[in-house]
Amino acid sequence: MKEISIDVPVEPPAELKPLFIPIPPEYVEDAYKKDEYLVLVGPQHPGSGHMRIIVRVDGDVIVDAIPDPGYVHRSMEKLAENRLYIQNIPLFERPAIMDNANFNLGYIRAIEEALDIEVPERAKYLRMIMAELCRIGTHLYDAAILAVFIGHTTGFMYPFAIRELICECLVKMTGVRFTSSFIIPGGIRRDADNSVLDFVKKATFEIERRLKNFEKIFIKNPATIARLKDVGVLSKEEAIKYGVVGPFLRASGVEYDVRKVEGYEAYDELDWEIVVADEGDGYSRFLVRVNEINQSLNIIRQAIGRIPEGDVISQDLFENVNANTKNPKDIRGAFYDLFANLKLPLGETTTLTEAARGLLLYTIISDGESNVPYRVRIVSPGWLYLRGFMESLRGERLADLQAIYGSFGYFPPEADR
Amino acid sequence: MKVEKVEIDPISRIIGHINAISVGVKQAIKPERITVEYPRERRKLPDNFRGLILFEKDRCISCFRCAFICPANAIQMELYDNYYPSIDYSKCILCHFCVDSCPTTALKQTKIHDVAFRDLDEMVVHTDEMINPPKLVREDKITVEYKIDRELILERRKEVENLIVDVEPVERIGYHSACVNPQNCIGCALCARVCPANAISVKTEDEKRVLSIDVDKCTGCGLCVRECPTKTLSLVEVV
Amino acid sequence: MEAIYKWSVELPKRIHKAKYFGNLEAEVIDKGLCSHCGTCAAICPVDGIIVEDKPIEFPNWKRDCVNCGACVRVCPRWDYKPLNGIGEYIEVLSAKSKRFKGQDGAMVTEIMASALEMGVIDRAVFVGRDENWKPVTAIVKDVEQLLEETIRGTKYSFADVMPRIKELIKDYKVGVVGTPCMMSGVRRLQKESEIFENIKLAIGLFCTENFYHWQLHEFLLKEKNVDMKDAVKTDIKKGKFIVKLRDGSKVSFPVKEFDPIIPSGCEVCQDFSAVESDVSVGSVGSKGGYSSLIVRQENAKEILDYIFEKGYAERGDMSIDAVQKLCDFKIKIHPYPPKH
Amino acid sequence: MEMLEVLVEMFEMFKSNMVNIPLIQPVIDALMNIPIVNYIVALVLWKPFFAIAILPGLGGIMIVLLLMVYWERKLTARIQWRVGPLEVFRPLRGLIQPLADGFRYFFQEVIVHVDSHRPYFVQLPILTFIPVLLPILFIPAGEIVAIRSSYAIQIIVALIALIPITIIAIGWASNSRFAYIGSVREAMMYFAYEVPFVIAVLAMILMYGSGDPYVIVEKQSVPGVIMNPIAFLVFFIATLMATSRLPFEIPEADQEIAFGPFVEYSGILFGIVMTLAYEKLYIMCLLMSILFFGGWNGISIPLLGDLSPAIWLFVKAVVVMLIVALARSIYPRFRLDQALKLGWTSMLLISLVSLALAIVIRLSGWLG
């Protein structure tokens, strides 16, 4: 039935003016003229992270969603410009603290490419194990956030309990639960002996066993399926057009995974598949990430099975440096001598890594003279798929905003960097 | 690998409900709890855990490496009889770059992670407060360890774990500073001035300034090599 | 270079009881012999000596000077024996650069650019100028930087070239352009410490005298009411100082009128043709648009062969006796010991 | 002087209709002959007063509140692999946590924000007690009953239907964006469960032939659940919807609209409003146990006399509540339109089927 709109002089509520919102005043007037109204979701809202979404709502249907990111922007790229190359490692783990190995790996691979350091095999395998552990941790973290967004508190508690196992593995390997800054140019800081490795292997089976409970109570729960099925659909073309990355791109049917494309560390030596779904709705995004956990588990088992013996710090670091200890299995004592005056040659190196939430890009530009980077560019996955996330909100119900937010696993600190 | 299709016909829905309720009831009867009741139980941490940092004064050669490498500028060198590190825990992110950089393992890690300070300036732990561990109030009687064989068991043992880890020092390649191109030297004796172990002595004999390095006193910290404006000195391996 | 643990350094004669900089100040600066070349600042380990648009000084040197004696050993004016004449040389020619436009033949820029290209040097210390012609030293890394207009051409006032060498000398091979006193400073630096062997190319300029910028600027403004802001080019031809202005007009007057503002250090200097440089460059003795070159060392010879082989410059002939005449003229007008 | 006669007359009235509990009968007799105290004892043990104040009434609610909040948090914690409230009174593993919460709400400052409609904002939570507590008048527990009426079930259902109106008024009074959305959702949910709920109750009344609880309980030689399980299913889902328990926690979806209509409340007002949901659940569980689980008939314990049927009714209601608590940890939240679709299509259909079943049983004369 045709909507009759009477031309009543409407001026938007006074509270919108003092708030700095990144939309032109005419847009606000136009919204209120069409008797739609603006709901500001966030930045301090139980249902959205530290990001404000300006939702233009017509009744219960979302007409338009404008993101207002930047609340947790820590200007990491600027901070990186006055720190040594090695001192940037703890900085670049902080965007997504659970996914620290992947973020750390991206930055270190950029340095290694610039200095073309040869990383020993064992270090590659250990790095890959840590990266996969952090991937599972992030997938579980986002599954929990999705569960609590649609009200399933048990769905929140189970993944966080399972994540405790992953943190236990990381503590045994690196000494710290997650932001381990363990990966250094040329390898990793310490070797992980076999007792730790078979603890990790047993942990993978325990994670799988506990995931069955989580699957029965949340993943296959009919209420969850009802809430997530056909919600926030992104077709294949739309996903590509809006530049969605990672599991959310694979959920819309595009089979693209940087680990297969680049084959960095030792991913090309193990056999695992890329998980793809083609509905592109909230539920398939969630299922893709759940199946990726299984893929990661079997990557870890294969890696532990075939990990070669040998040293974990590459020899070309020790060459023209009088380091205090020359032990290729443990960096202790020689950390400063090897890395303090690390200078990258003039030029620019770029690396792509598959972080848990998608494509992660690092570009280091060095002026060849100073021991601090001239410019470091980091584009995190959250920032790349923010547009796709906002487009998928269009036409959905306001109550579904949280479900789609959770299915995208949007993480403001990572997107704002 | 394709994600399998999800069918939503009534039968699968009912099975879904039954499964969900069965998991809920099963867990209600026999929960697989992993909670550790923290103050009364403490979780066993591995020996390489990165906690509070302790310092051993007589091993330190005050080479400033820890202060230079700290990403958070948390380490400040304080002058006692020589320069020793003091850590400002309001800045420290416990990345242990300093512990890994210390050539003589004067900085050691411990398993103490639950540290409380009354106010901000107490967080600046001076050198003499870093030597022996802080006063620990230990309420925990049980140590819980994560053990997995067929499934995860939280093994609870009635013992109080010692949080101070004894770290065997790194076997260090001895270095000492030596003059490799004497003709560069301009006799400014900055190296003697900066040497913490005052191993470099300066004398003026008949119109000549004579510098000499006492090899046994020199600890190989490398400060003189960095300070010299004309690249005269360099570290040489003790053979 | 095997490791030794006992070595010594020659200490210069100490005339006064004070620290060595005190001696330098008393013997050279206060006596007016200081040519403001900045070599002492290049060697001072504690970076205390300041080279600015005023006489050399070391604020509260009594406390900061570490008494190493380096500045005294390297100062060209410490027990000064003036150098003069043409000095020995390998060959004499004049040339005009095809790539660059500069003061005359722009050969200084050309030699430095080819040295960079050949890899003889990694960095070159040049003297650019800001909008009112105040000299500003610039470190040149690649040839493109030399295309920039303000960096070429003579500036006729003091610049802190030598202290800038100090930052580069530890890591790079350095090329230097400078007045004859700087050239003798470079030679003494190389004798003092082998690290200065990294100075691979020293280009000397024909120089009668140099000025403090503020004095020159003020003199031109008051006497000749020429504001350097709108000057396009400054030159000395046949004893006349010529300033070309933006609006095309020219102001020229005999160089002798500069006498009142000649610094005391230049009044005792008799070295016109930079005897101790690798190659001396100037406008005297070659026709318009050409620079005359006196090649003194082998490294300069190789660079010039490379230039001509690459065809970066045209070759011309130069009359050496014009330069000889000026050298004798300089000895005549700057007697040592000075008259008054 | 009449004052005294009135008092004596009332005393006689109380004495005539007292609850007899043989267990503590001697104590009561001893107390009765102390002049002033006997008035109080007579009043307290007077059946209607006892029904309202002690067992199925306020006393029951108090016990249920304390027990239910604790049980729900502990049960959800157990299912979620964690421990739940613990530190409040460690030896009892946190048993008095609800008491502590109540205590906290009692002393917390009540903030009435500027642009809320002040009088309504403050009084409405207290007004909601009327529709919530009135049904207790009509819920009999064996002999202990406040008002005996043969239309008790209908009155209870009518009063329960009043509660959402006050919640919507609360949402309107707080005049905040989220409260507004919450109250609109409350209104929607109210439509969703009201019709099937009433039809289910009607089916049961039809089946028993009268709305009088006593008649219903007598006829329940076989518990109502077995006779008409479909009606029980509808009634159970309607209770979940009415008290917005988890699968249908839509009005107070704290992730979406931060606790719905009650978002602006704090202090004791928030305490009252929080307990409202539990009281409504208690009333509906009492109704459910009367209609479906045979009310208060169970093996009577001679020692307790009149009290044993009341305790039976109370225990059945509490058991039903404990089961309802399980839903909170198993289900996520449905969307509003899904809940409405469920309410209007499937539940309405099932309640009509249960009505047909009830008619068939009624005509078959099984219950006579």
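Q: In what order do the three strands of the open sheet in chain B lie?
A: In this predicted model, chain B holds an open sheet of three strands with antiparallel pairing. Its edge strands, each pairing on one side only, are E3 (75-79) and E6 (124-125) of chain B. The order of the sheet is E3-E4-E6.

Q: Over how many bridges do E3(B) and strand E4 of chain B pair?
A: Strand E4 of chain B covers residues 83-88. Within this pairing, B:Met77 stands opposite B:Pro85 in E4(B). E3(B) and E4(B) run in the antiparallel sense, and the number of bridges is five.

Q: How far apart do the C-alpha centres of domain 1 and domain 2 of chain B lie?
A: The domain assignment of chain B gives domain 1 as 41-157 and domain 2 as 175-237. Six residues from domain 1 of chain B and five from domain 2 of chain B make the contact. On the domain 1 side, these residues are four nonpolar, two polar and no charged. The C-alpha centres of the two domains of chain B are separated by 34 Å.

Q: Which element gives the most to the side of chain B that touches chain A?
A: The contact involves 41 residues of chain B and 46 residues of chain A. Elements that give two or more residues on the chain B side include helix H2 (65-69), helix H3 (97-101), strand E7 (142-148) and strand E12 (233-237). By class, that side has 25 nonpolar, seven polar and nine charged residues. The element that gives the most, with seven residues, is H1(B).

Q: Of the four pairs of chains in contact, which share the most contacts?
A: Two pairs can be set aside, for chain A and chain C do not touch, with nearest C-alpha atoms 10 Å apart, and no contact joins chain C and chain D, whose closest C-alpha atoms lie 60 Å apart. Of the four pairs in contact, the one that shares the most contacts is chains A and B.

Q: Which elements of chain D give two or more residues to the side that touches chain B?
A: Nine residues of chain D are in contact with ten residues of chain B. The chain D side has six nonpolar, one polar and two charged residues. The elements that give two or more residues to this side are helix H5 (58-79) and helix H17 (307-330) of chain D.

Q: Why does the radius of gyration of chain A agree with that of a compact globule?
A: Chain A has 16 helices and eight strands, and its C-alpha trace spans about 80 × 50 × 35 Å along the principal axes. Because a compact globule of 417 residues would have a radius of gyration near 22 Å, the value for chain A agrees, at 23 Å.

Q: What share of the 417 residues in chain A is buried?
A: A residue counts as buried if 20 or more other C-beta atoms lie within 10 Å of its own. Among contacts in chain A between residues at least 6 apart in sequence, 69% join residues at least 24 apart. The buried share of chain A is 57%.

Q: How many residues of domain 3 of chain C are in contact with domain 2 of chain C?
A: Chain C is divided into domain 1 (20-74), domain 2 (91-211 + 260-333) and domain 3 (213-259). The centres of domain 2 and domain 3 of chain C, taken over C-alpha atoms, are 22 Å apart. The side of domain 2 that touches domain 3 has eight nonpolar, three polar and two charged residues. Domain 2 of chain C gives 13 residues to the contact, and the number from domain 3 of chain C is twelve.

Notes:
Residues are numbered from 1 along each chain as its sequence is written. Chains are lettered from A and ligands numbered from 1 in the order in which they are written. This is a predicted model: local features need pLDDT of at least 70, side-chain atom pairs count only at pLDDT 80 or more; totals for chains, interfaces and linings use all residues. Domain bounds come from an automatic or database domain assignment. Two residues are in contact if their C-beta atoms, placed from the backbone, lie within 7 Å. Ala, Val, Leu, Ile, Met, Phe, Trp, Tyr, Cys and Pro count as nonpolar, Asp, Glu, Lys and Arg as charged, and the others, Gly among them, as polar. Helices (H or I, at least four residues) and strands (E, at least two) are DSSP runs, numbered from the N terminus. The radius of gyration is taken over C-alpha atoms; the globule rule is 2.2 Å times the number of residues to the power 0.38. A residue is buried if 20 or more other C-beta atoms lie within 10 Å of its own, exposed if 12 or fewer, and partly exposed in between; C-beta atoms are placed from the backbone. Two strands pair if DSSP finds at least two bridges between them.
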